[in-house]
Amino acid sequence: MVRVAVLGAAGGIGQPLSLLIKLNKDVTALHMYDIVRCPGVAADISHINTNSTVSAFQGNDSLKDCLTGMDIVVIPAGVPRKPGMTRDDLFGVNAGIVRDLIQAVSDNCPKALVCIISNPVNSTVPIAAEILKKNGVYDPKRLFGVSTLDIVRASRFVRDIRPSFDASTQIPVIGGHSGNTIVPILSHIQNLVNLSEDEIKTVTHRIQFGGDEVVQAKNGEGSATLSMAYAGYRFVSSLISAINGQPATECCYVDLSVDPAGAEYYRQLGASDLAFFSVNTSIGPDGITSILPLASISSFEKELVKAAVSPITSNIAAGVSFVNK
Ligand code: NAI
């Protein structure tokens with residue numbers, strides 16, 4: 001039985017994500033934390049007739065009670081993009097939010113599995129790692145950058161051009177979680193869909209910049225929330241299953257030192273000396289058990305990996321120096 005806290009629970013992602021977590025029968029307690037609107041949202045969700053109890057926590061002083069005893073902490077707190085913004089433009093606000101929330105995680109539930117949704121994920125995950133290290137509680141197995149929306153989009157966008165493709169088929173996406181750092185491995189499904197070179201280029205670009213479609217369509221009202229809640233829930237439900245003894249396989253943005261032997265495969269692909277990278281992982285009750293290689297990768301995809309390295313290197317450096325400045 002699993003206890004889950006959502007930080008940023010009253011937001012566009014936090015609300016539907018909390019709703020989905022409330023529906024999971026293996027959850028016993030759902031703690032919803034935000035700096036605004038939390039009591040109302042939590043009261044609303046609490047009436048759903050699943051067995052878990054829902055509690056609202058609002059404001060800094062309630063973080064200790066919110067986090068104590070939690071098995072999983074999910075963080076979608078922070079500002080979303082507006083048209084014309086990149087995820088890196090969110091750094092100024094979201095870096096500090098993630099830093100402070102992770103400080104509270106360090107103090108109150110350092111053994112929890114921590115899922116970072118707040119953007120820019122390429123930087124907010126290194127920020128979280130630095131804070132956990134400073135507090136002497138860092139365990140890279142337990143820290144995840146949630147890039148699942150890229151994986152969800154990959155399958156859906158392929159289905160858009162190949163109606164016979166089953167959209168629930170998983171396509172690995174590695175690299176990072178922004179623009180050209182997102183590297184979909186379409187070669188995994190090439191035997192099913194037989195995409196032309198042009199189709200591969202077009203759908204790859206759409207997966208990399210799919211978030212912009214939502215930002216533009218929402219026209220200043222934010223970025224993906226419902227599809228992100230679905231993707232975030234998919235990732236959290238994998239962790240819940242793993243805690244309950246059913247190992248999961250998920251691509252996510254992790255500290256490669258978690259499994260140096262497994263990471264070597266990605267380093268050979270071009271991830272060189274990167275500390276963090278989205279990779280295929282196996283997850284057990286205590287977090288990541290190993291980094292898994294890919295079944296195949298094309299030369300086009302290898303070039304994409306190489307192009308992702310420099311921006312991810314800068315994103316990681318920005319996160320680390322933010323904490324240590
Ligand atoms: P939102 O503005 O609708 O909700 C954010 C919530 O965070 C608000 O309720 C706000 O009150 C709360 N918040 C702000 N400061 C806080 C703090 N210090 N402690 C706790 N809560 C705090 O934004 P939305 O659309 O839910 O997006 C949230 C984040 O998720 C953004 O950074 C966005 O870029 C990111 N995102 C990540 C994706 C991914 O694939 N990893 C996909 C889509 C969005």
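Helix α5 passes helix α11 in a right-handed crossing in this predicted model. The axes of α5 (residues 121-134) and α11 (residues 299-324) cross at roughly 40° and come within 8 Å. The chain is assigned two domains, with domain 1 covering 2-146 and domain 2 covering 149-324.

**Contact of α5 with α11**

- On the α5 side, the residues that meet α11 are N122, S123, P126, I127, E130, I131 and K134.
- On the α11 side, the partners are I312, N315, I316, A318, G319, V320, F322, V323 and N324.
- By residue class, this contact of α5 with α11 comprises nine nonpolar, five polar and two charged residues.

**Interface of domain 1 and domain 2**

- The C-alpha centres of the two domains are 21 Å apart.
- Contact between the domains involves 46 residues of domain 1 and 49 residues of domain 2.
- About 4,000 Å² is buried between domain 1 and domain 2, and 69% of this area lies on carbon and sulfur atoms.
- R81, R87 and N122 together account for 17% of the area that domain 1 buries against domain 2, which is more than any other three residues supply.

**Salt bridges**

- Two salt bridges are found across the interface of domain 1 and domain 2.
- A salt bridge joins the side chains of R142 and D286, with an N to O distance of 3.7 Å.
- R142 falls within the bounds 2-146 of domain 1, and D286 falls within the bounds 149-324 of domain 2.

**Backbone features in loops**

- The peptide bond from N119 to P120 is cis, and its omega is near -5°.
- P120 is placed in the loop between β5 (113-116) and α5, the helix that crosses α11.
- R37 is not a glycine, yet its phi is positive, at about 60°.
- The loop that holds R37 runs between β2 (27-34) and α2 (38-46).
- N219, also not a glycine, has a positive phi of about 50°.
- N219 is located in the loop between α8 (197-218) and α9 (226-243).

Key: Residues are numbered from 1 along each chain as its sequence is written. This is a predicted model: local features need pLDDT of at least 70, side-chain atom pairs count only at pLDDT 80 or more; totals for chains, interfaces and linings use all residues. Side-chain values use heavy atoms; hydrogens and water are left out. Axes are lines fitted to C-alpha atoms, for helices over the stretch in contact, and angles run from 0 to 180 degrees between N-to-C directions. Helices (H or I, at least four residues) and strands (E, at least two) are DSSP runs, numbered from the N terminus. A crossing is left-handed if the near helix is turned anticlockwise from the far one by less than a right angle, and right-handed if clockwise. Contact means heavy atoms within 4.5 Å. Ala, Val, Leu, Ile, Met, Phe, Trp, Tyr, Cys and Pro count as nonpolar, Asp, Glu, Lys and Arg as charged, and the others, Gly among them, as polar. Domain bounds come from an automatic or database domain assignment. Buried area is the accessible area (1.4 Å probe) that two parts lose on being put together, summed over both. A salt bridge is a side-chain nitrogen of Lys or Arg within 4 Å of a carboxyl oxygen of Asp or Glu.
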